[in-house]
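Colleague: I'm new to this one, could you walk me through it?
Modeller: Gladly, let's begin by putting it up on the screen.

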Amino acid sequence: MAADSSPSSGPATSTGIGQARQAIEVKNYDLAVKVLSQSDEKSSADWHNLMGYSLRKKTPPDLPAAEKHYQMALEKDPKHRGALEYYGELLLLKNDLPGAEALLKRLEKACFFGCEELRDLKKSVADFKAKK
């Protein structure tokens, strides 16, 4: 997997989301899940993306729940760059290369001039292919 682009970038929209980003920054994913679960921002695409990321990265990961949160983030914001990248990485964990490549194409459209999320998912896809 490529080095993760930081889900902590960007302004905090609530104290809960800000605290979750801080927990993610220090890789305390269980705390991030707890903080997000208590947040009042549960309807935002950013909240779903952070919850999906935290669930995917915690030990043990909860990939089915993470996938649902990435899907919800993309329902709310179909061009959410973080959700497109992280959902693509989750699909690679599930050996779903076609699904990850479909998200990569969506990310290419969302990042017309390039972005960190696009570079990271491209690297993850390339690494996955190199291992096969």
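**Helix packing and ring pairs**

Colleague: Which residues are buried in helix α2?
Modeller: Bearing in mind that this is a predicted model, the buried residues of helix α2, which runs over residues 29-37, are Y29, A32, V33, V35 and L36. They cover an arc of only 165 degrees around the axis, which puts them on the same side of α2.

Colleague: And what do the buried residues of α2 pack against?
Modeller: They pack against α1, residues 15-25, and against α3, residues 45-57.

Colleague: Changing topic, how many aromatic pairs are there?
Modeller: The count comes to five aromatic pairs, taking rings whose centres lie within 6.5 Å. In one of them, the rings of Y53 and Y86 have centres 4.7 Å apart and planes at 55 degrees, so the pair is tilted.

Colleague: Where do Y53 and Y86 lie?
Modeller: Y53 lies in helix α3 and Y86 in helix α5, residues 81-93, so the pair ties together parts that are 33 residues apart in sequence. Both Y53 and Y86 are buried.

Colleague: What about Y70 and Y86?
Modeller: Y70 and Y86 form a tilted aromatic pair, at 6.4 Å centre to centre and with 40 degrees between the planes. Because Y70 lies in helix α4, residues 63-76, and Y86 in helix α5, this pair ties together parts that are 16 residues apart in sequence.

Colleague: Is Y70 buried or exposed?
Modeller: Y70 is buried, as is Y86.

Colleague: Which residues do the ring pairs link into a cluster?
Modeller: The cluster linked by ring pairs consists of Y29, Y53, Y70, Y86 and Y87, and Y29 is also one of the buried residues of α2.

Conventions
Residues numbered from 1 in each chain as written. Predicted model: local features only at pLDDT ≥ 70, side-chain atom pairs only at ≥ 80, totals over all residues. Heavy atoms only, no water. Buried < 20%, exposed > 50% of the residue type's maximum accessible area, 1.4 Å probe, protein only. Helix = DSSP H or I, 4+ residues; strand = E, 2+ residues; numbered from the N terminus. Arc of directions from axis to C-beta. Contact = heavy atoms within 4.5 Å. Phe/Tyr/Trp six-rings, centres within 6.5 Å; stacked < 30°, edge-to-face > 60°.
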